[in-house]
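Thanks for coming. I will take one structure today and go through it part by part, so please have a look at it first.

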Number of protein chains: 2
Amino acid sequence: MEKQIILDGKHVAKEVKDSLKHRVEALKEQDITPCLATILVGNDPSSETYVKMKGNACGRLGIRSMQIHLPEETTTDQLLDQIIALNEDESVHGILLQHPVPRHIDERLAFDTISIEKDVDGVTTEGFGQTAFHFGRFPSCTPAAIMEIINFYNLEVEGKHAVVIGRSPILGKPVSMMLLNRNATVTVCHSKTENLPQIVQQADVIVAAVGMPKFVKGDWVKEGAVILDAGYNKGNIGDVDYDSCVTKASAITPVPGGVGPVTISMLLKHTVLSAEMKS
Amino acid sequence: MEKQIILDGKHVAKEVKDSLKHRVEALKEQDITPCLATILVGNDPSSETYVKMKGNACGRLGIRSMQIHLPEETTTDQLLDQIIALNEDESVHGILLQHPVPRHIDERLAFDTISIEKDVDGVTTEGFGQTAFHFGRFPSCTPAAIMEIINFYNLEVEGKHAVVIGRSPILGKPVSMMLLNRNATVTVCHSKTENLPQIVQQADVIVAAVGMPKFVKGDWVKEGAVILDAGYNKGNIGDVDYDSCVTKASAITPVPGGVGPVTISMLLKHTVLSAEMKS
């Protein structure tokens with residue numbers, strides 16, 4: 001086998017953030033400070049951590065972070081009012097509603113209330129459609145991160161068979177469409193898929209986005225496949241059984257340090273781009 | 001092999017239209033006449049024929065058809081003005097912009113100017129997103145027709161491997177998402193796909209949406225596969241080489257008389273549904 005590449009997400013994220021620094025400075029020279037508003041509803045500890053991480057990442061880059069924390073008992077209408085206020089606030093360039101919201105809230109309606117111009121997290125239905133039709137500005141951040149890693153390492157995609165495991169609205173579906181737009185042949189698998197291992201065995205590119213720890217096993221993997229692990233399960237464990245897969249793959253993302261850090265850098269990139277478009 | 005089914009699109013379309021008759025009558029009792037506005041730009045003879053066929057199909061069902069024919073030299077702005085006027089016209093329940101428009105027009109912008117409530121042909125970016133996220137009211141009509149045929153004949157889809165050949169915004173992409181939402185494992189192939197015959201050979205369900213006459217050959221087809229031919233090439237020729245495929249398939253749509261007639265019935269169904277939602 002040719003030399004194997006461990007796809008270093010921290011390095012990719014650093015490159016992205018370095019290139020953003022100059023753009024943030026250029027905006028500040030025009031008296032514009034990019035601003036990301038995050039909304040957290042309720043008290044889920046991991047969500048609190050994620051929101052804090054995103055806020056810190058903004059801060060390090062000179063992006064203003066406006067953190068809104070609403071109580072668990074917030075109604076859908078109250079949340080929509082908050083989103084509408086942020087849509088109308090000209091100092092805000094991006095809005096992120098931390099998923100998941102409490103069960104009594106209509107999350108899809110809340111997502112779709114975010115103005116498409118400020119949907120830097122890529123959660124709206126229309127934003128998904130734009131991504132699928134290949135003219136979206138702000139694809140969902142994890143799919144965008146996967147494509148960024150593919151681009152950074154010049155991994156071959158065109159004509160290749162990509163197998164995506166998972167079909168969520170912010171991960172499996174958009175990454176499938178993005179790979180398709182890059183001329184991959186794309187198979188989307190999920191919990192109802194029959195003969196999953198045999199299908200994965202055909203993949204030149206595997207995207208694991210299933211949300212189950214160590215789900216993808218080494219003996220499902222074709223020698224030389226590229227593996228992108230978008231999983232992030234409790235205890236920093238990916239969807240890929242790294243130890244058994246690393247010996248087969250030609251390139252693989254570790255967890256942590258793979259897709260995750262690049263995802264946050266995509267959020268920052270989209271926020272800066274949104275601010276530039278208003279400048 | 002078990003008994004083979006020739007999937008009779010004319011029969012499916014008749015059933016759909018029969019069920020719509022009562023709904024149109026019920027609307028008329030409330031003094032509502034469902035109305036489909038069609039816009040044709042330029043003088044492409046096949047487009048003229050399609051628009052006329054759609055108008056006639058409306059007429060036979062008691063749906064009013066408002067046919068707007070704009071000259072070849074219409075600008076994008078002029079077309080958008082026309083669409084906006086129809087969006088605002090309360091007597092109009094559905095708007096269909098006949099594809100393709102002349103090259104100098106921004107077709108995507110024109111499609112996306114159609115109000116989502118009146119997008120009965122399923123061409124808007126947001127409508128596609130809604131379909132992909134499984135809450136769309138008006139999926140594109142050809143994908144909707146394919147699903148209607150699958151439902152009518154109770155063809156098994158869940159867990160099965162569906163291979164879609166083609167990735168257009170109104171056919172390959174939406175039908176892939178609809179099959180995925182019906183729990184099929186879906187592979188999307190296209191002009192850049194390597195080893196296409198080998199991939200098609202794995203399919204339990206084949207959707208041919210490539211726009212090339214007799215493209216899918218019998219020796220690509222697994223014994224017992226279901227074949228849905230969305231092709232409609234010059235001379236009434238499908239994308240499937242019917243004679244070589246019919247001996248392999250457990251069920252197959254002919255061309256003509258397969259997906260085509262059901263597609264028009266889906267347009268009528270969406271127009272009636274849109275009128276009901278305003279009643």
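I start with A:P256, which sits in the loop between β9 (251-252) and α10 of chain A. Helices here are DSSP runs of H or I with at least four residues, strands are runs of E with at least two, and both are numbered from the N terminus. A cis peptide bond, with omega about 0°, joins A:V255 and A:P256.

Before I go on, the ground rules. This is a predicted model, in which local features need pLDDT of at least 70, side-chain atom pairs count only at pLDDT 80 or more, and totals for chains, interfaces and linings use all residues. Residues are numbered from 1 along each chain as its sequence is written, chains are lettered from A and ligands numbered from 1 in the order in which they are written, and side-chain values use heavy atoms, with hydrogens and water left out.

Another cis peptide bond joins A:H99 and A:P100, again with omega about 0°. A:P100 is in the loop between β4 and α4 (107-113) of chain A. Then there is A:N154, in the loop between α6 and β5 of chain A. Phi of A:N154 is near 55°, a positive value in a residue other than glycine. For context, most residues other than glycine have a negative phi, and most peptide bonds are trans.

Next, the domains. Chain A is assigned domain 1 (32-115) and domain 2 (140-259), with bounds from an automatic or database domain assignment. Their C-alpha centres lie 28 Å apart. UniProt, in an unreviewed entry, lists residues 140-277 of chain A as "domain: Tetrahydrofolate dehydrogenase/cyclohydrolase NAD(P)-binding". UniProt positions are given in the numbering used here, feature names are shortened, and annotations may be inferred rather than shown by experiment. Over residues 140-277 the chain is 36% helix and 14% strand.

Now the second largest pocket, with a volume of about 1400 Å³. On a 1 Å grid over the protein atoms alone, a pocket is an open set of points with protein on both sides within 12 Å along at least five of seven lines; a cavity is a set where a 1.4 Å probe fits but cannot get out; lining residues have an atom within 4 Å of a point. Grid points are joined across faces, edges and corners, and a volume is the space filled by probe spheres set on the points.

Which residues lie nearest the centre of this pocket? Out of 44 lining residues, they are A:Y50, A:T142, A:L171, A:A230 and A:Y232. The largest share of the lining, six residues, comes from α10(A). Each of domain 1 and domain 2 of chain A gives at least three residues to this lining.

The largest cavity holds about 50 Å³ of space. Its lining includes A:F133, B:G122 and B:P174, and α5 (residues 125-132) of chain B gives the most, with three residues.

Last, the two chains. A rotation of 180° with 0.0 Å of shift along its axis superposes chain A on chain B, with RMSD 0.0 Å. That is the relation of a two-fold axis. Copies are superposed by least squares on the C-alpha atoms of residues with pLDDT of at least 70 in both.
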